[in-house]
Amino acid sequence: MVAPLQAGLPGAGLVAIVVTALVTWLFYAVTLHLAATFFVGDVPTQPAAAAALAPAVVSLLLQQYAGSGLLILVSVLATVAVDFAAVSYAYGLEWRSTAPLVALHVAFATLLGFALNNIFGFV
């Protein structure tokens, strides 16, 4: 049986879903902009905001199914694949240039996620 969308999110209701989606989108946009600034140089923030929407939505939709080790891996790989496509499209990069940028984005998001979790204890 498929669990409802609200099962894996904090709280209940439409407000909790919208706030969680916006915070996730902001997190991915900030980490992508940091990675792009580090990799490309001085870039505008609009491509990062546009590209961050897709992996944010995919990660939120797949998190409720990531109960075991294999499903977690599938969820992470799907999110990275969508991130790869969105970054390539938003920045107009070929796949050879997109791969290191996405790797940096994953690294920045992982490090910032761990740091925020240690500071605020979101788990």
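Trainee: What covers the buried residues of α3?

Mentor: The cover includes α1, α2 and α4. Helices here are DSSP runs of H or I with at least four residues, strands are runs of E with at least two, and numbering starts at the N terminus. This is a predicted model, where local features need pLDDT of at least 70, side-chain atom pairs count only at pLDDT 80 or more, and totals for chains, interfaces and linings use all residues. Residues are numbered from 1 along each chain as its sequence is written, and side-chain values use heavy atoms, with hydrogens and water left out.

Trainee: Which residues of α3 are buried?

Mentor: Ser75, Thr79, Asp83, Ala86, Val87, Ser88 and Tyr91 are buried in α3. Buried means under 20% relative accessible area, exposed means over 50%, and partly exposed is in between, with a 1.4 Å probe and protein chains only.

Trainee: Take Thr79, then. What is Thr79 in contact with?

Mentor: Leaving aside neighbours within four places in sequence, Thr79 contacts Tyr28, Pro55, Val58 and Ser59. Contact means heavy atoms within 4.5 Å. Thr79 has 10% relative accessibility, so it counts as buried.

Trainee: How do α3 and α4 cross?

Mentor: The axes of α3 (residues 69-91) and α4 come within 9 Å and cross at roughly 125°. An axis is a line fitted to C-alpha atoms, for helices over the stretch in contact, and angles run from 0 to 180 degrees between N-to-C directions.

Trainee: What do you call that orientation?

Mentor: α3 and α4 are therefore oblique to each other. Under 35 degrees counts as roughly parallel, over 145 as roughly antiparallel, 65 to 115 as roughly perpendicular, and the rest as oblique. The crossing is right-handed, a term for the near helix being turned clockwise from the far one by less than a right angle, with anticlockwise being left-handed.

Trainee: Which residues make that contact?

Mentor: On α3 they are Val80, Asp83, Phe84, Val87, Ser88 and Tyr91, and on α4 they are Trp95, Thr98, Ala99, Leu101, Val102, His105 and Val106. The residues of this contact divide into nine nonpolar, three polar and one charged. Ala, Val, Leu, Ile, Met, Phe, Trp, Tyr, Cys and Pro count as nonpolar, Asp, Glu, Lys and Arg as charged, and the others, Gly among them, as polar.

Trainee: And how do α1 and α4 cross?

Mentor: The axes of α1 (residues 14-39) and α4 (residues 95-120) come within 8 Å and cross at roughly 130°. That pair is therefore oblique too, and α1 passes α4 in a right-handed crossing. Among the contact residues are Phe27, Tyr28 and Thr31 of α1 and Leu104, His105 and Phe108 of α4. This contact has 15 nonpolar residues, four polar and no charged.

Trainee: What do the buried residues of α4 pack against?

Mentor: They pack against α1 and α3. The buried ones in α4 are Thr98, Leu101, Val102, Leu104, His105 and Ala109.

Trainee: What span should α4 have?

Mentor: At 1.5 Å a residue, its 26 residues should span 38 Å, and the end C-alpha atoms are 36 Å apart, which agrees. The expected span is 1.5 Å times one less than the number of residues.

Trainee: What happens just after α4?

Mentor: Gly121 takes a positive phi of about 65° there.

Trainee: Switching to Pro47: buried or exposed?

Mentor: Pro47 is at 15% relative accessibility, so it counts as buried. Pro47 lies in α2 (residues 46-62). Not counting residues up to four places away in sequence, Pro47 touches Ala90 and Tyr91.
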